[in-house]
Amino acid sequence: MSIAETSVSILVVLVGVGAFFGIVLALADKKFYMQQNPLIGEVEDILPKGQCGACGFAGCAKYAEAVVENPDVPPNLCVPGKAAVAAKVAELTGKSAGSVEERKAHVLCQGGCNAKPAAKYEGVHDCAAAKLVGGGPNECKFGCLGFGTCVAACPFDALHMGDSGLPVVDTYACTGCGKCQETCPQGVMTLLPVTAPVAVHCQSHAKGPAAKKACPNACLGCGLCMRNCPHGAIKIENFLAVVDPAVCKASGCTEKTCLAKCPTGAIREAV
């Protein structure tokens with residue numbers, strides 16, 4: 001048999017084997033095919049499609065499947081969809097929507113360009129990479145590193161880097177999905193209820209003199225805000241002021257004396 005004839009024979013055999021396995025796979029697919037509940041598609045269609053994972057599932061399709069098929073999965077887990085989407089999912093699945101507390105991203109830092117540099121960083125422009133080099137290029141090891149990793153991670157284009165070197169939240173576009181919080185290696189990005197009246201824009205746990213030396217806008221842990229809050233909504237924990245948004249809101253405080261008393265402006269209106 002010539003080389004050409006041998007090659008043809010081999011080709012025929014390979015085609016035959018391929019066709020055989022193709023038929024087997026097609027028959028198996030037909031035998032084991034399970035038709036998807038059409039309600040899953042209806043639920044998925046009303047989800048925001050941010051694929052943020054805030055619901056605890058790997059994307060909108062998986063959440064749609066879970067909330068339809070599993071009676072224990074509530075219809076209000078889509079954080080970006082807020083109450084409106086929760087109500088629609090509840091209607092489709094015959095479940096109770098429950099309450100949905102709307103949240104927005106909040107930056108626990110106001111240092112940015114004002115923060116004192118400790119070293120010049122020339123590595124990859126990524127916050128996680130910068131943190132690996134001595135905890136970051138700034139003297140304050142608690143603040144924003146300024147490389148915009150949270151901006152890149154936001155699936156709703158609700159963040160951008162401002163002129164101050166800090167991420168700026170577009171409160172209208174922000175859905176409170178928490179992707180920025182999940183991504184930030186410093187823990188600078190957090191979520192606050194949209195009803196929070198005031199908030200601390202810092203997370204430094206350094207003592208007062210050290211905190212101010214590293215950043216002029218840092219919380220000093222001096223307690224002036226706490227002592228001037230007549231409602232007990234502020235306390236000092238590990239040299240940092242902490243505001244309880246629920247107590248602050250419930251108080252109905254209009255004076256906001258805490259803002260005027262803060263010597264560095266670390267505590268400000270939340271939005």
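Predicted model: local features only at pLDDT ≥ 70, side-chain atom pairs only at ≥ 80, totals over all residues.
The axis of a helix is here a line fitted to its C-alpha atoms over the stretch in contact, and the angle between two axes runs from 0 to 180 degrees between their N-to-C directions.

**The protein as a whole**

The secondary structure of the protein comes to 11 helices and 8 strands. Of its 271 residues, 38% count as buried. Among the contacts in the protein with a separation of 6 or more, 56% are accounted for by residues 24 or more positions apart.

**Helix H2 and its two partners**

Helix H2, residues 38-46, packs against helix H3, residues 60-69, at an angle of about 130°, and their axes are 8 Å apart. Because angles over 145 degrees count as roughly antiparallel and 65 to 115 as roughly perpendicular, with the rest as oblique, H2 and H3 are oblique to each other. In passing H3, H2 makes a right-handed crossing. On the side of H2 the contact is made by Leu39, Ile40, Val43 and Glu44, while H3 contributes Cys60, Ala61, Ala64, Glu65, Val67, Val68 and Glu69. Sorted by class, this contact of H2 with H3 has 8 nonpolar residues and 3 charged ones, but no polar residue.

H2 also packs with H4, at an angle of about 170° and with the axes 10 Å apart, and these two helices are therefore roughly antiparallel to each other. Here the contact is made by Leu39, Glu42, Val43 and Ile46 of H2, together with Val85, Lys88, Val89, Leu92 and Thr93 of H4. The residues of the contact between H2 and H4 divide into 6 nonpolar, 1 polar and 2 charged.

**The buried residues of H3**

Within H3, the residues Cys60, Tyr63, Ala64, Ala66, Val67 and Val68 are buried, and what covers the buried residues of this helix includes H2 and helix H4, residues 82-93.

**Accessibility of single residues**

| Residue | Relative accessible area | Class |
|---|---|---|
| Tyr63 | 1% | buried |
| Cys177 | 12% | buried |
| Lys82 | 18% | buried |
| Phe57 | 27% | partly exposed |
| Gln51 | 44% | partly exposed |

Two residues of the table have a backbone angle worth a look. Gln51, which lies in the loop between H2 and H3, has a phi near 50°, a positive value in a residue other than glycine. Lys82, whose place is in helix H4, has a positive phi of about 60°, although Lys82 is not a glycine either.

**A cysteine in a loop**

Cys177 has its place in the loop between strand S3, residues 167-169, and helix H7, residues 179-183. Leaving aside residues up to four places away in sequence, Cys177 touches Cys52, Ala54, Val79, Pro80, Pro155 and Phe156. Although Cys177 and Val79 are 98 residues apart in sequence, the distance between them in space is 5.6 Å, C-alpha to C-alpha.

Conventions:
Residues numbered from 1 in each chain as written. Heavy atoms only, no water. Helix = DSSP H or I, 4+ residues; strand = E, 2+ residues; numbered from the N terminus. Parallel < 35°, antiparallel > 145°, perpendicular 65-115°, else oblique. Left-handed = near helix turned anticlockwise from the far one by under 90°. Contact = heavy atoms within 4.5 Å. Nonpolar A, V, L, I, M, F, W, Y, C, P; charged D, E, K, R; others polar. Buried < 20%, exposed > 50% of the residue type's maximum accessible area, 1.4 Å probe, protein only.
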